[in-house]
Each structure stands twice: as structure tokens, then as C-alpha cells.
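Here is a short briefing on one protein model.

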Amino acid sequence: MPLRFLITAGPCHEPIDRVRFLGNRSSGKMGIAIADHACRLGYDVTLLLGPTHLAPLEKNVLLKRYESTADLDLLLQSSLEACDVLIMAAAVADYRPVKHTPAPAKIERSPGTLRLELESTPDLVAGCAVRKRPDQTIVAFALESTEVLRERALSKLKRKKVDMIVANPLETMDSDTISAIIFDRASSVNEQSINAPVEITKSAFAEWLIERILTYRTASSPYPTGDAIETQ
């Protein structure tokens, strides 16, 4: 049976009222490129995609849409069990407005300032790591400033207890290219990274990343890794 990929992509929109939201600049390009490439290789692919006008090109990608972190959390809870590889490429919100009941349909303009009370959102990838089976692989993403990229990516790898983490600089957001490094569980000991080719398209990086994931699963897991693929 082919590997089953569960991929998240795109931004989260956290509602302030029924008109406005807090969001980020994620386009979803990276996660969509990964989903398309995995599908072209013949794998079973489910893509959880946030509010973006983009969509996968491959017809066989099972597409499920979400808006907020809470929406994505529910989809992950219902979908995690059925996947072999989870790739968390979505730009999940770190904070959201505290909900007040009843929530206003629209906050009207008034003179002076408006204060929003924010609360932390759940750490979705860490929550998935707690529930993962030994035969599952979880790949997280870390978007950081270049000067702290390696340090923070390694910290997140250890803290969130994922198998691999893709560290990419802030300039990657909404860009068509990416320059990234990967750390896996062995990196928590030797702090060695795997460097992707510099400034490659996100489509090319998707191919490179999936090869790295398959190599990691073959090297680290006694469980079947699904259908093999040939690489040049």
C-alpha cells in the first residue's frame, strides 16, 4: 500500500468579529507543491489548506479547507490516525483574539484606541507528536530570522518532539523560491543539518524534501515505508 501523506498549508485567519481577522502572509505555495509532488509519485495525499486563492494542481489530492487554528486542530484530530507522514507546512497562528460572548457582528469605528486581548493558540504539531504512532513520521517547519535560524530550529525539534524540521528564513514567506536546511532527530545530538540547494523553486524543493523524508524513514524505522521511488 502506498504511503499516506497528510499535509497542512496556508495561513490561519483568527476572527476579531464577523468582518475582520488576524492573519499572516503565508501563501500556501510550499505545502501545495509538496502535496502535488507526492500525488504525482502515486502516494495517497490529503491536503489541509487554509484561506488562500491557490489550490493543488493534481486532481487526486484530497483537499480539505480550514480557516482558523481551531478548524485546523479539528481536522488534524480526525485525520492523523490515517496517515503515515504528516508535513506541517501551514503557518499556524501563535495568538488569537480572546472570544467574548456574544461576539459582535462588527466592531464599529470610534475615536481613540481599540484594545484586543489575545491568547495563545494550542501547539498543534506538538499535540500531534504526542499522539503519533511509532511508524508515523512528523515533519515540522520553522520560519525564523536568518541569524537565529539554526538555534531556534534545533530548539523546536527537541521541544516539539518531531522527527524532522525544515528551517527556512523569513524571506521564504510568499516567495516562489526557498533556501532551507533540515534537522532530524540525530541532529539533536550532533547538531548537523542537511542543506537544500540554495534558492531553488518550491516545486523543486518539494521533490528534494520528499526524497529526504523517504531516506529518513528507511534509515530510522523498522516499519514498511510504502512503495519505493527511483531518484536520479
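On α4, the exposed residues E151 and R159 sit on the face turned away from the buried side. Exposed means over 50% relative accessible area, buried under 20%, and partly exposed in between, with a 1.4 Å probe and protein chains only. Helices (H or I, at least four residues) and strands (E, at least two) are DSSP runs, numbered from the N terminus. This is a predicted model, in which local features need pLDDT of at least 70, side-chain atom pairs count only at pLDDT 80 or more, and totals for chains, interfaces and linings use all residues. Residues are numbered from 1 along each chain as its sequence is written, and side-chain values use heavy atoms, with hydrogens and water left out.

**Helix α4**

- The buried residues of α4 are L149, A153, L154, K156, L157 and K160.
- Seen down the axis of α4, these buried residues fall within an arc of 160°, so they line one face of the helix. The arc is that of the directions from the helix axis to the C-beta atoms.
- α4 has twelve residues, and its first and last C-alpha atoms are 16 Å apart, close to the expected 16 Å. The expected span is 1.5 Å times one less than the number of residues.

- K161 follows α4 and has a positive phi, near 60°.
- K161 belongs to the loop between α4 and β10 (164-169).
- K161 counts as exposed because its relative accessibility is 56%.
- E199 also has a positive phi, of about 50°, although it is not a glycine.
- E199 lies in the loop between β13 (194-195) and β14 (200-201).
- Most residues other than glycine have a negative phi.

- In α3, the buried residues are L124, V125, A126, C128 and A129.
- Cover for the buried residues of α3 includes α2 (69-79), β6 (85-88), β9 and α4.
- α6 spans residues 202-220, 19 residues in all.
- Buried residues of α6 are K202, F205, A206, W208, L209, I210, I213, L214, Y216 and R217.

**Pockets**

- What is a pocket here? On a 1 Å grid over the protein atoms alone, a pocket is an open set of points where a 1.4 Å probe fits, with protein on both sides within 12 Å along at least five of seven lines; lining residues have an atom within 4 Å of a point.
- The largest pocket holds about 920 Å³ of space. A volume is the space filled by probe spheres set on the points, with grid points joined across faces, edges and corners.
- Its lining has 39 residues, of which A90, A91, V92, D94 and F141 lie nearest the centre of the largest pocket.
- Elements giving two or more residues to the lining of the largest pocket are α1 (29-40), α3 (124-131), β9 (137-144) and α4 (149-160).
- β9 gives the most to this lining, with five residues.
- The lining of the largest pocket divides into 19 nonpolar, eleven polar and nine charged residues. Ala, Val, Leu, Ile, Met, Phe, Trp, Tyr, Cys and Pro count as nonpolar, Asp, Glu, Lys and Arg as charged, and the others, Gly among them, as polar.
- The second largest pocket holds about 240 Å³ of space.
- Of the 13 residues lining the second largest pocket, I16, V98, K99, H100 and P104 lie nearest its centre.
- That lining divides into eight nonpolar, one polar and four charged residues.

- N168 is in strand β10, and counts as buried at 5% relative accessibility.
- N168 touches F141, A142, L143, E144, L149, I178, S179 and A180, not counting residues up to four places away in sequence. Contact means heavy atoms within 4.5 Å.
- H13 lies in the loop between β1 (4-9) and β2, and is buried, with a relative accessible area of 16%.
- Beyond four places in sequence, H13 touches F21, L22, G23, P51, E67 and S68.
- The C-alpha atoms of H13 and A93 are separated by 7.8 Å, with the two residues 80 residues apart along the chain.
- P15 is found in strand β2 (residues 14-15), and counts as partly exposed at 44% relative accessibility.
- Beyond four places in sequence, P15 touches R20, F21 and P97.
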